[in-house]
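Here's a quick tour for anyone meeting this structure for the first time. Take a look at it, then read on.

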Amino acid sequence: MKQIVISGTGVFTPEESITNQELVKAYNSYAESYNLVNKDDITQGNKVELELSDAEFIFNASGIKNRFVMDKKGILDPNIMHPILQRRSNDEPSILAEMSLKAAKKAMERAGKKANDIDAVITACSNLETANPAISIEVQALLGIKGFAFDMNVACSSATFALQAAADMIRSGSAKTILIVDPEICSGHLDFKDRDCHFIFGDVCTAMILESKETARSKNSFEILSTKCLTKFSNNIRNNFGFLNNAKKSSPLDRDLLFMQEGRKVFKEVVPLVSQLIIDHVDAEKIKIDDIRRLWLHQANKSMNDLIGKKVLGRVPEMHEQPNILQDYANTSSAGSIIAFSLYSEDMKNGEIGVLCSFGAGYSVGSVILRKIG
Ligand code: COA
């Protein structure tokens, strides 16, 4: 069977960032003024008083300290509480395409690839800026790539599902070298007025180059030994934004048109699902758990990752075995495990094995077993 490798990765990190303290200050200021304005309704029981948020709670509950964002000012303004992104003309690149380009160029450089070496582009992310044309086709045009491009969305597992799709496509011969980009402006789907989740997300874009081993020239390549994807329906993470909102007479400010979750339930249900999937996947490939050098897990919650790591390895993982980037980036949806892989993989030795695994809305879980080569 043709051997497929990831020969380059790239991360675009936005310039602006927000600490927990800054975020909490903005939220608390919003909550205090809401409580003041609605004092009478709150006293009469018509409205619920908003409780204050707390930076220490956020770190202890999630492991998050900081997040990068595309617009800090709007998010931190208690009168706005969402990013403000400039509307662009149809002749300008979309914001997702622009971020993708920045990450793609880094991945292409690391893989030693030019636009004419690539013959397919996949944009895999949680939220697509436009319905059409596809962001991928824009990225393809901006980079001058021939061939074809398409978008796909499997929420937090978009990147790993794209890895499986791309590896299968190269194996079957429908493409030779594929660029995957994962632009995630999660601050756009987050309700910064909701104390339960206002701290969860950040923005970023990751990129990967996939090709067959014969054409790879990079000194830091990882062979894709096997992929395993799983989906299981759940209502515990929802976002009802969609093309029928207008027909259904939704208002743009309806709460269910942004990210919503039952965080506790997600935690409880996803940990066993993911741990078992990784254990079964590794076992099916006849790889011993002791031979796994690294776990690049989806970055949503540190305790969740600690538990998954412990269940998979059968012991508490060392820090270098399970790198966390959550403290700096927060949850960046599909890009999280790819950031961890991109930042913490070069030190691995030839032949060493790691597992990259995403999980999230759907539920969706994607496990990719990788072996360092070169
Ligand atoms: N500041 C202070 N207190 C807060 C708070 C905040 N921002 N948000 C919630 N609380 C309070 C709650 O009101 C609750 O108080 P109570 O015990 O008096 O009722 C308490 O803290 C615990 O709230 P809970 O929502 O149960 O917190 P948690 O420990 O489950 O942590 C998450 C919340 C979201 C960090 C956690 O559930 C999580 O990460 N789950 C997994 C989510 C996930 O993977 N999602 C995938 C998304 S792609």
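Two helices, helix 3 (55-62) and helix 8 (263-284), each bring at least two residues to the shell around the ligand. Helices (H or I, at least four residues) and strands (E, at least two) are DSSP runs, numbered from the N terminus. You're looking at a predicted model, where local features need pLDDT of at least 70 and side-chain atom pairs count only at pLDDT 80 or more, while totals for chains, interfaces and linings use all residues. Residues are numbered from 1 along each chain as its sequence is written, and side-chain values use heavy atoms, with hydrogens and water left out.

**Around the ligand**

- Helix 8 gives the largest share of the shell, three residues.
- The ligand is surrounded by 18 residues, and the closest are S53, R195, Q261, R264 and N301; a residue counts as near if one of its heavy atoms lies within 4 Å of the molecule or strand in question.
- Sorted by type, the shell holds eight nonpolar, six polar and four charged residues. Here Ala, Val, Leu, Ile, Met, Phe, Trp, Tyr, Cys and Pro count as nonpolar, Asp, Glu, Lys and Arg as charged, and the others, Gly among them, as polar.
- S53 places a polar side-chain atom 2.9 Å from a nitrogen atom of the ligand.
- R195 uses its backbone instead: an N or O atom there sits 2.9 Å from a ligand nitrogen atom.
- G263 has a backbone N or O atom 3.1 Å from a nitrogen atom of the ligand.
- On its own the ligand would expose 970 Å², and the protein buries 72% of that. Accessible areas come from the Shrake-Rupley method with a 1.4 Å probe; for residues, only the protein chains shown count as cover.

**Helix 3, inside and out**

- Which residues of helix 3 are buried? They are A55, I58 and S62, where buried means under 20% relative accessible area, exposed over 50%, and partly exposed in between (1.4 Å probe, protein chains only).
- These three cover an arc of only 65° around the axis, so they sit on the same side of helix 3. The arc is that of the directions from the helix axis to the C-beta atoms.
- E56 and N60 are exposed, on the face of helix 3 turned away from its buried side.
- The cover over the buried residues of helix 3 includes helix 1 (20-37), strand 3 (66-69), helix 9 (302-313) and helix 10 (326-329).

- T9 belongs to strand 1 (residues 4-12), and it counts as buried because its relative accessibility is 6%.
- The T9 side chain makes a polar contact with the side chain of S342 at 2.9 Å. A polar contact is a pair of N or O atoms within 3.5 Å; within protein, one must be able to donate a hydrogen and the other to accept it, and residues adjacent in sequence count only if both atoms are side-chain atoms.
- Setting aside neighbours within four places in sequence, T9 is in contact (heavy atoms within 4.5 Å) with K106, A107, R110, A207, M208, F341 and S342.
- A103 sits in helix 5 (residues 95-111) and is buried, at 0% relative accessibility.
- With neighbours up to four places away left out, A103 is in contact with G10, V11, F12, C205, T206 and A207.
- E352 lies in the loop between helix 11 (336-343) and strand 12 (353-360), and it counts as buried because its relative accessible area is 19%.
- Not counting residues up to four places away in sequence, E352 touches R293, L370, R371 and K372.

- Most residues other than glycine have a negative phi, and most peptide bonds are trans.
- N132 and P133 are joined by a cis peptide bond, with omega about 0°; P133 is in the loop between strand 4 (120-124) and helix 6 (135-143).
- G362 and Y363 are also joined by a cis peptide bond, with omega about -10°, and Y363 falls in the loop between strand 12 and strand 13 (364-373).
- A330, in the loop between helix 10 and helix 11, has a positive phi near 60° and is buried at 0% relative accessibility.
- S333 is found in the loop between helix 10 and helix 11, with a positive phi near 55°; its relative accessible area of 1% makes S333 buried.
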